[in-house]
Amino acid sequence: MTDVTMDKIVSLSRRRGFVFPSSEIYGGMGSTYDYGHYGVLMKNNIRSLWFRAMVQERDDIVALDSAIILNPRVWEASGHVGGFTDPLVDCRTCKLRFRADQLDQSSCGRKPSKRPGETADCDLTDARQFNLMFKTQVGALEDESSTAYLRPETAQGIFVNFKNVLQLARRKPPFGIAQVGKSFRNEITPGNFLFRVREFEQMEMEFFVPPADAERWYRYWVDARFDWYLKYGVRESMLRKREHGEEERSHYSSGTTDIEYLYPIGWSELEGVANRGDFDLTQHTQHSGTKLEFVGEGDERYTPYVIEPAVSIERIFVAMLVDGYDEEVVAERDRTVLRLHPAVAPVKAAILPLIPKNGEMVEKARGLHEELRKKHVVEYDDGGQIGRRYRRQDEIGTPFAFTVDDQTLEDDTVTVRDRDSLAQERLPIGGVAAWLEEALARPWRTPKA
Ligand code: ATP
């Protein structure tokens with residue numbers, strides 16, 4: 001079995017243009033990343049598969065896109081100004097800062113093989129609370145009154161729009177509001193590639209339910225979200241559900257389950273599903289003076305409970321790269337391959353003329369490329385030896401490659417090569433588009449153990 005380390009994932013991402021360290025020509029920006037072409041395509045796929053499951057395929061969830069900078073009172077009401085903190089310790093010797101609750105995962109500034117506090121030179125301060133929200137100023141005046149925050153979660157933008165959606169989208173509980181967008185957290189110790197970054201794209205859905213049904217819906221969403229990962233090919237052996245104990249739960253939560261993935265750093269939170277009760281709507285009702293409740297027929301009137309599945313594209317992106325990464329030896333040559341679900345793969349098919357100098361082959365391949373790109377992201381490649389071109393496509397996870405060769409010029413058939421099995425078959429060139437459509441719609445399971 002391939003040993004998948006974070007270094008291998010970072011190196012492949014870099015080598016194939018999925019992800020670059022940000023501001024690299026200025027020395028980088030510590031744990032901040034930019035996405036290249038294939039990274040953007042893969043992120044787009046993850047986002048749209050989530051949106052599809054949440055909104056497109058359901059009648060009871062609507063979409064929202066709220067602002068990143070909200071009225072700062074939102075964050076007072078939500079508890080973030082007072083309590084969105086992590087415990088921080090400083091080392092007076094090496095001047096580094098660490099999360100007090102994660103010392104066992106951090107390295108001493110002077111002796112990286114040791115944990116902070118483990119050497120005689122370490123001189124750690126007591127832990128103090130550090131607020132993770134990024135502060136900014138809005139407008140030209142720089143004083144207290146202009147202080148605002150970059151949102152640390154997208155959820156609050158949903159709660160403050162509860163009344164708008166209830167009225168205008170004509171919904172009644174159970175119904176949900178889904179939102180995707182950037183969130184910002186001034187993490188004390190970001191790291192492990194994209195797993196913990198300061199700027200990430202969150203996908204959150206707040207599902208409003210009658211209080212008596214909250215527990216049932218909470219269980220429903222834990223299972224639904226778990227199954228979503230299986231549907232897109234993540235191995236079940238690499239996933240688990242972990243319910244928080246009472247001491248671990250956030251102040252607002254009356255039940256939280258993490259869907260964890262076995263990342264190279266160990267089992268860690270991929271997605272969280274929380275029963276937030278009526279905490280948020282009640283807080284915003286008190287702070288804003290606007291009643292956020294559901295008023296039904298007769299004397300029916302209540303503050304809905306909220307079930308929230310929350311995840312970042314970054315954590316899914318890393319989990320899927322780790323899950324897909326594979327190395328094998330084929331015909332005495334090493335092959336690295338990303339066994340991504342076809343729906344997640346950045347490029348769906350490659351179109352390759354076997355001999356790039358052969359004008360007829362190029363023309364046929366170009367024609368096929370033009371036809372296929374109308375529906376899918378496909379790639380034409382005539383650079384270099386065919387073996388090298390296949391390997392490039394393997395490393396970016398392209399599930400199928402169509403090759404135009406000598407026989408194509410005789411009988412108008414092409415070979416199709418399957419990324420996972422390496423099986424090849426011949427197809428009439430005119431039938432490729434339909435074949436690809438059907439192949440992409442087939443259920444897919446990873447051949448990885
Ligand atoms: P952690 O305990 O790992 O800091 P959290 O419990 O604070 O995470 P939540 O507030 O529940 O995280 O955020 C919901 C989801 O947002 C997480 O499950 C994760 O997928 C994602 N997320 C949170 N913080 C980050 C981050 N710094 N970088 C990338 N994704 C993040």
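The model is predicted, so to speak from the start: local features need pLDDT of at least 70, side-chain atom pairs count only at pLDDT 80 or more, and totals for chains, interfaces and linings use all residues. Residues are numbered from 1 along each chain as its sequence is written, and side-chain values use heavy atoms, with hydrogens and water left out.

**Aromatic rings**

Rings of Phe, Tyr and Trp (its six-membered ring) pair if their centres lie within 6.5 Å; planes under 30 degrees apart are stacked, over 60 edge-to-face, and the rest tilted. That rule gives 18 aromatic pairs. One of them is Tyr35 with Phe317, edge-to-face at 5.4 Å centre to centre and 90° between the planes. This pair links distant parts of the chain, with Tyr35 in strand β2 (residues 33–35) and Phe317 in helix α9 (residues 313–324), 282 residues apart. Helices (H or I, at least four residues) and strands (E, at least two) are DSSP runs, numbered from the N terminus. Tyr35 and Phe317 are both buried, meaning under 20% relative accessible area with a 1.4 Å probe, protein chains only (exposed is over 50%, partly exposed in between).

Phe400 and Trp435 make another edge-to-face pair, at 5.2 Å centre to centre and 85° between the planes. Phe400 sits in strand β21 (residues 400–404) and Trp435 in helix α13 (residues 432–441), so the pair ties together parts that are 35 residues apart in sequence. Phe400 and Trp435 are buried too. Elsewhere, Phe159, Phe162, Phe175 and Phe208 form one aromatic cluster.

Trp435 turns up again with a charge over its face: Arg442 lies there, 5.7 Å from the ring centre. Likewise, Lys241 lies over the face of Phe226, at 4.7 Å from the ring centre. The test is NZ of Lys or CZ of Arg within 6 Å of the ring centre and within 35 degrees of the ring normal.

**Cavities**

The structure holds 2 cavities of 30 Å³ or more. A cavity is a set of points on a 1 Å grid over the protein atoms alone where a 1.4 Å probe fits but cannot get out; lining residues have an atom within 4 Å of a point.

| Cavity | Volume | Lining by class |
|---|---|---|
| Largest | About 60 Å³ | 5 nonpolar, 4 polar, 2 charged |

Residues lining the largest cavity include Tyr232, Met320, Arg339 and Trp444.

Conventions. 1 Å grid on protein atoms, 1.4 Å probe; cavity = no way out; pocket = protein on both sides within 12 Å on 5 of 7 lines; lining within 4 Å. Points joined across faces, edges and corners; volume = space filled by probe spheres on them. Nonpolar A, V, L, I, M, F, W, Y, C, P; charged D, E, K, R; others polar.
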